[in-house]
Amino acid sequence: WVQNGQYTNCYKDRAWVESLCPDPETCAKNCHIDGATVADYKETYGISTSGNELDLGFVVETQYGTNFGSRVYLLENEHSYKRFHLRNREFSVDVDMARMPCGLNGAIYFVEMDADGGLSRSKGLNKAGAGYGTGYCD
C-alpha cells in the first residue's frame with residue numbers, strides 16, 4: 001500500500017493522486033510503502049507458507065471486497081531479489097490445480113529486475129528496495 005503517513009492513498013483508481021504525486025520527486029517525499037505482515041498476506045492475498053511450500057490463493061474474500069490473484073517475489077536476502085541463471089539448466093515446480101477454477105490462468109514466470117529493487121538507479125527516490133517489492137516492471 002502506498003500512502004502518505006496519514007492513511008491517504010497515493011495511488012487510486014489506476015492513477016497517482018495529483019495532489020500528493022505531481023512528479024516523482026514530490027511523490028517520493030510525500031508517500032511511502034507500507035509492508036504487510038505474514039497474517040496480512042494470508043488474509044488479504046491468500047498467500048501462506050509451510051516449510052518449503054508456498055500456497056497462493058487465487059480468489060480471496062475480504063472485508064473490503066474480493067481480491068483476485070496474487071504475486072510474490074523470491075528474495076536472496078533481506079535486500080536483494082534471488083537471481084536465477086537458468087541457461088542450460090532446469091527449473092521445476094509442482095502445481096496442484098485441483099482447486100483452480102475453470103477458465104482461470106495459473107502461471108509462473110520470470111521477469112528480469114534489478115537485484116536491489118531499483119535502489120541504485122532511483123537517484124535516492126526509492127528508499128524501499130527489494131524487501132518491499134519495488135523494481136517490478138514487465
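Q: What should I know about the model and the numbering?

A: This is a predicted model, where local features need pLDDT of at least 70 and side-chain atom pairs count only at pLDDT 80 or more, while totals for chains, interfaces and linings use all residues. Residues are numbered from 1 along each chain as its sequence is written, and side-chain values use heavy atoms, with hydrogens and water left out.

Q: What does the C-alpha trace of the chain span along its principal axes?

A: About 45 × 40 × 25 Å.

Q: And what share of the 138 residues in the chain is buried?

A: Buried residues account for 16%. Buried means under 20% relative accessible area, exposed means over 50%, and partly exposed is in between (1.4 Å probe, protein chains only).

Q: How many disulfides does a search of the whole structure find?

A: Two, counting a disulfide as a pair of cysteine sulfur atoms within 2.5 Å. One joins C10 to C31, with S to S at 1.9 Å. The other joins C21 to C27, at 2.2 Å S to S.

Q: What's the pairing if I number the bonded cysteines in sequence order?

A: It's 1-4, 2-3.

Q: Is the C10 and C31 disulfide left-handed or right-handed, and why?

A: The torsion about its S-S bond is about -95 degrees, so the C10 and C31 disulfide is left-handed. C10 sits in the loop between strand 1 (2-3) and strand 2 (11-12), and C31 in the loop between helix 1 (24-30) and strand 4 (32-33), so the pair ties together parts 21 residues apart in sequence. The link of C21 and C27 is right-handed, with 55 degrees about the S-S bond.

Q: Are those cysteines buried or exposed?

A: C10 and C31 are both buried, and C21 and C27 are buried too.

Q: Which residues make up the largest nonpolar core?

A: Five of them: C10, L20, C21, C27 and C31. A nonpolar core here is a set of buried Ala, Val, Leu, Ile, Met, Phe, Trp, Tyr and Cys residues joined through side-chain atoms within 4.5 Å.

Q: What does L20 touch, leaving out residues up to four places away in sequence?

A: L20 touches N4, T8, N9, C10, T26, C27, N30 and C31, with contact meaning heavy atoms within 4.5 Å.

Q: Switching topic: which side chains meet in salt bridges?

A: The search of the whole structure gives two salt bridges, each a side-chain nitrogen of Lys or Arg within 4 Å of a carboxyl oxygen of Asp or Glu. E76 meets K82 at 3.4 Å, N to O, and D114 meets R121 at 2.6 Å, N to O.

Q: Last one: where is E112?

A: E112 is in the segment after strand 10 (80-81). E112 is exposed, at 71% relative accessible area, and touches R83 and C137, not counting residues up to four places away in sequence.

Technical notes:
Helix = DSSP H or I, 4+ residues; strand = E, 2+ residues; numbered from the N terminus.
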